[in-house]
Amino acid sequence: MRLGLLLIRLMLGITFTIHGSQKVFSGFKEPMEMMSGLGFPAFLGIILGLFEFIGGILMIIGLFSNYVAAGFIVIMLGALFTVHLSQGYMASELVILLLVMSIAVMVSYNWKKLLEIY
């Protein structure tokens, strides 16, 4: 089980790092235009790119994985309902896979230990 979760976490981290790096190293122009086109403030494109890039790296090394996964869930739900779902399953497939992988990482976290009061 631990090896399976590690593989999911690594692939999730690699995918988000690559997608985030495209946004970060291109100067955020495309994600800012996308956010503006969807009716959101353009600066959210910068936050999106940085979170994908830094969050992906954190996911790979296993730091704050449950919190990063929660952020990925929000991003993927946003992408699914604002862009991809209207284009059908084939256009939504990667987003759905990343969403389910993020949920798997988040629910696999030891919540009992997180909620312990010392």
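1. Basis of the note. Because the model is predicted, local features need pLDDT of at least 70 and side-chain atom pairs count only at pLDDT 80 or more, while totals for chains, interfaces and linings use all residues. Residues are numbered from 1 along each chain as its sequence is written, and side-chain values use heavy atoms, with hydrogens and water left out.

2. Aromatic pairs. A pair of aromatic rings is described by the distance of the centres and the angle of the planes. Rings of Phe, Tyr and Trp (its six-membered ring) pair if their centres lie within 6.5 Å; planes under 30 degrees apart count as stacked, over 60 as edge-to-face and the rest as tilted. By this rule the model has three aromatic pairs. In one of them, F16 and F72, the ring centres are 3.7 Å apart and the planes stand at 10°, so the pair is stacked. This pair links distant parts of the chain, 56 residues apart: F16 belongs to helix α1 (residues 2–25) and F72 to helix α4 (residues 65–84). Helices are DSSP runs (H or I, at least four residues), numbered from the N terminus.

3. A second pair at F72. The rings of F51 and F72 have centres 5.7 Å apart and planes at 85°, so this pair is edge-to-face. F51 lies in helix α3 (residues 43–61) and F72 in helix α4, so the pair ties together parts that are 21 residues apart in sequence.

4. Buried means under 20% relative accessible area, exposed over 50%, and partly exposed in between (1.4 Å probe, protein chains only). F72 is buried, with a relative accessible area of 0%, and F16 is buried as well. F51, at 31%, is partly exposed.

5. Contact means heavy atoms within 4.5 Å. Apart from its neighbours within four places in sequence, F72 is in contact with L12, F16, F51, E52, G55, G56, M59 and S102. A nonpolar core is a set of buried Ala, Val, Leu, Ile, Met, Phe, Trp, Tyr and Cys residues joined through side-chain atoms within 4.5 Å. The largest such core has 18 residues, of which L12, F16, M59, F72, M76 and L98 touch the most other members. The elements giving two or more residues to this core are α1, α3, α4 and α5, and the largest share, eight residues, comes from α4.

6. Residue I8. I8 is placed in helix α1 and, at 29% relative accessibility, counts as partly exposed. Leaving aside its neighbours within four places in sequence, I8 is in contact with M101 and V105. I8 and Y89 are 81 residues apart in sequence and 22 Å apart in space, C-alpha to C-alpha.

7. Largest pocket. On a 1 Å grid over the protein atoms alone, a pocket is an open set of points where a 1.4 Å probe fits, with protein on both sides within 12 Å along at least five of seven lines; lining residues have an atom within 4 Å of a point. Of its 28 lining residues, K23, M34, L48, E52 and A79 are the closest to the centre. The largest share of the lining, eight residues, comes from α4.
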